[in-house]
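Have your viewer open and try each one before reading its solution.

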Amino acid sequence: MHRGKGMKFVGDSRIKANKERNVPKDYSEYPGRTEAFWPNFLLREWLTGSVFLIGFLILVAAHPSPLEQQADPTNAGYIPLPDWYFLFIYQLLKYQFAGGEYIVIGAIVIPGLAFTALLLAPFLDRAPGRTVNKRPIAVGLMLIGVASTIWLTYESVSEVDYQERGEKYAVDVEAQESEVEIDTEAAGYAAYEANCMQCHGEQLQGSGNNPSLLKTEKSVDEIKDIAVNGIGSMPADMFSGSDEERQQLAEFIKETAKANSGGGSGE
Amino acid sequence: MLQKLYDWVDERVDVNPIWRDIADHEVPEHVNPAYHFSAFVYCFGGLTFFVTVIQILSGMFLTMYYVPDIENAWNSVYYLQMEVAHGQIVRGMHHWGASVVTVMLFLHTLRVFFQGAYKKPRELNWIVGVLLFFVILGLGFTGYLLPWDNKAYFATQVGLEIAAATPVIGDMLRTLLAGDQSIVGAQTLTRFFAIHVFFLPAVLFGLLGAHFILIRRQGISGPL
């Protein structure tokens, strides 16, 4: 910092009154074909950035970001799956000695050691050599780490059927848009509320593995049968009540489905 | 006219050294892809920052519609996705940006590691960089609870179980994040929102500033 006699400042500030000219440094004495960042190299960076941005926007336009059904804590059939960049740890926790009782090992010890080693890499790998063949241990460990992360992610992805998940868990836009009329005054509604609503939803819309009843094409007798005997993953004896209530329930579902598909298809 | 305006500000504020510090530095031959195409590996860090800027901007626009409340969160995201003009694009940028930034960050980390660029005198910048890695993963983790769809809810439950597995402080950590010892609910959503939108970005900006100041101070590492 300049001090001493002859220094003039702007007002009572610390800004010097007599200024240096605004000239870029001369880089010609640096080794190699050195280039000034401003404005030469920055222009190149902008061009690269623009190309990158175009590619990124094509990705965004081609694949709208997914939104699944609204969170429902009672949805027991949902199989959780994190985003792809956490799949490696999700997969690790599936193994016997890294999950369950041993979750401390899979969730804390292994990732903790790996990330601590990464954080402290400059102090663990202290030799001055920078090239890959001068530090085989550090490079080897990193390669093992990267390979196992990629392998765990691959193992996890290979077990997931993303298309099936997409179809099963996606928002039913049509059902969301069309106003479903549920006749809560109907005789069968009370039976529905008591026996079916917990899984099939307030609007008969279903959730997760439990299908929507709004578009069912089953007959009244079939619905009566399913209420008692179950179907697919739906267990038997979900319905408890008199035969008359069961008849009303089946008729209620059938009529709601009929009204809904009749009104909905035209829109 | 512009020059006059610049001079007027410069006389009072002394802008010149500030922007010379930022802009006026050499780009050595070995990092310039115009001379050696393989030098494109040096782009990963800049692209990570570029996508981070996209994340900040798109995130700011998302908060204009998003409501951090379990009744309305999902509905506000649905509305944003289906009704708001270009809402799908802005949300898409934020969604895909989260993935792209992770990829770029990973590539940037690998470039620095395999070139041994973290060695003396750049140890501190490496540590700041790894901390940035954690912060960005944290932003990814807290971000996907916010749409409050099934994926968000159940994946967050798994994540909180992992946090709770930490020895000694596990339960306290879980309570701090989720707002309750066992429930994942209204309090969890507001906490994750606060962490995602205020706490972690604040840390992110500080670390990014340190990262860039250190690069300016030390210059980029030399050729191998």
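The exercises below concern a predicted model and go from the whole contact down to single elements.

**Exercise 1.** Work out which elements build the side of chain A that touches chain B, and which gives the largest share.

*Solution.* Start with the totals: chain A puts 57 residues into the contact and chain B puts in 61. Next, list the elements of chain A that give two or more residues: strand 1 (35-36), helix 1, helix 3 (103-119), helix 4 (121-124) and helix 5 (136-158). The largest share, eleven residues, belongs to helix 1 of chain A.

**Exercise 2.** Describe how helix 1 of chain A (residues 37-62) packs against helix 3 of chain B (residues 43-62).

*Solution.* First take the axes: they come within 11 Å and cross at roughly 60 degrees. That angle makes helix 1 of chain A oblique to helix 3 of chain B. Then check the hand, and you will find a right-handed crossing. Now pick out the residues in contact: Glu45(A), Thr48(A), Gly49(A) and Phe52(A) meet Cys43(B), Gly46(B), Leu47(B) and Phe50(B).

**Exercise 3.** Find how strand 1 of chain A and strand 1 of chain B (residues 26-27) are joined, and in which direction they run.

*Solution.* Count the bridges between these strands: there are two, and the strands run antiparallel. Then trace one partner: Ala36(A) is bridged to Glu26(B).

Technical notes
Residues are numbered from 1 along each chain as its sequence is written. Chains are lettered from A and ligands numbered from 1 in the order in which they are written. This is a predicted model: local features need pLDDT of at least 70, side-chain atom pairs count only at pLDDT 80 or more; totals for chains, interfaces and linings use all residues. Axes are lines fitted to C-alpha atoms, for helices over the stretch in contact, and angles run from 0 to 180 degrees between N-to-C directions. Helices (H or I, at least four residues) and strands (E, at least two) are DSSP runs, numbered from the N terminus. Angles under 35 degrees count as roughly parallel, over 145 as roughly antiparallel, 65 to 115 as roughly perpendicular and the rest as oblique. A crossing is left-handed if the near helix is turned anticlockwise from the far one by less than a right angle, and right-handed if clockwise. Two residues are in contact if their C-beta atoms, placed from the backbone, lie within 7 Å. Two strands pair if DSSP finds at least two bridges between them.
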